[in-house]
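These are my notebook entries on one structure. I set down what I looked up, entry by entry.

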Amino acid sequence: MSVNFIRISKDPAVKISQSQSFDAGYCLQGLNILGHAQLIDLFIGSECGGQGRCGKDRIQISEPERIHYNPPTELEHRYLSDALIADGWRLACQCFPAEDGLSLTVYFTG
Ligand code: FES
């Protein structure tokens, strides 16, 4: 069980490619999603290294999986509109899995 990253196009008309899937190999409660990407040297847009100062590490979480994370933080509300948050967009440095060993999928455009 681990966090699987899928790169999506910024153009919603383009389909997801299987070759753009990256498995972190782990799902750890104490590690944010940015940290999971860093485990496999996957760049997902962060420009501040997880300091909460860039707002560039955007990921999208599907509706059924949102219960497996902490709620959006105050910092995320600063960088993301209410509409984006309602659509499942988060900042990876602010998202923590609710428990170890989950099987999670996150989407990113970085
Ligand atoms: S990595 Fe910069 S805000 Fe999350």
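Which residues have the most contacts inside the largest nonpolar core? I found I33, I59, A92 and V106, in a core of 18 residues. I took a nonpolar core as a set of buried Ala, Val, Leu, Ile, Met, Phe, Trp, Tyr and Cys residues joined through C-beta atoms within 7 Å. Two or more residues of this core come from each of β1, α1, β3 and β5.

**Entry: basis of the model**

I note that this is a predicted model, in which local features need pLDDT of at least 70 and side-chain atom pairs count only at pLDDT 80 or more, while totals for chains, interfaces and linings use all residues. Residues are numbered from 1 along each chain as its sequence is written. I looked up the pLDDT, the predictor's confidence in each residue from 0 to 100. The protein chain averages 93, and 93% of the residues score at least 70. Confidence is lowest in β2, at a mean of 95, and highest in β4, at 98.

**Entry: overall build**

I recorded three helices and five strands in the protein chain. Helices (H or I, at least four residues) and strands (E, at least two) are DSSP runs, numbered from the N terminus. Read from the N terminus, the elements run β-β-α-β-α-α-β-β. The radius of gyration, taken over C-alpha atoms, is 13 Å, close to the 13 Å that the globule rule gives for 110 residues, so the protein chain is as compact as a globular protein of that length. The globule rule is 2.2 Å times the number of residues to the power 0.38. Along the principal axes, the C-alpha atoms fill a box of roughly 35 × 30 × 30 Å.

I then looked up burial and found that 25% of the 110 residues count as buried. A residue is buried if 20 or more other C-beta atoms lie within 10 Å of its own, exposed if 12 or fewer, and partly exposed in between, with C-beta atoms placed from the backbone. For contacts, I required that the C-beta atoms of two residues, placed from the backbone, lie within 7 Å. Of the contacts with a separation of 6 or more, 64% are between residues 24 or more positions apart.

**Entry: the sheet**

In what order do the five strands stand in the sheet? I read β2-β1-β5-β3-β4, an open sheet with mixed pairing. Each of the edge strands, β2 and β4 (89–91), has a single partner strand, so one side of each is left without a neighbour in the sheet. The twist averages 35° from one strand to the next; axes are lines fitted to C-alpha atoms, for helices over the stretch in contact, and angles run from 0 to 180 degrees between N-to-C directions.

I went through the pairs in turn; two strands pair if DSSP finds at least two bridges between them.

- β1 (residues 3–7) and β5 (residues 104–108) run parallel, joined by five bridges, and I6 stands opposite Y107 in β5.
- β1 and β2 (residues 21–23) run antiparallel with three bridges, and N4 has D23 as its bridge partner in β2.
- β3 and β5 run antiparallel with three bridges, and Q60 is partnered by Y107 in β5.
- β3 and β4 run antiparallel with three bridges, and I59 stands opposite R90 in β4.

**Entry: V3 and I33**

I looked up V3 in strand β1. V3 is buried, because 27 other C-beta atoms lie within 10 Å. Leaving aside neighbours within four places in sequence, V3 is in contact with A24, C27, I33, H36, L104 and V106. V3 and V106 are 103 residues apart along the chain, and their C-alpha atoms are separated by 7.3 Å. With the same exclusion of neighbours within four places, I33 is in contact with V3, I59, A92, C95 and V106.

**Entry: the loop between α1 and β3**

Is D41 buried or exposed? D41 counts as exposed, because it has 7 C-beta neighbours inside 10 Å. D41 lies in the loop between α1 and β3. I noted that its phi is near 55°, a positive value in a residue other than glycine. Most residues other than glycine have a negative phi.

I found G52 in the loop between α1 (33–39) and β3 (58–61). G52 counts as partly exposed, because it has 17 C-beta neighbours inside 10 Å. Not counting residues up to four places away in sequence, G52 touches L75 and C93.
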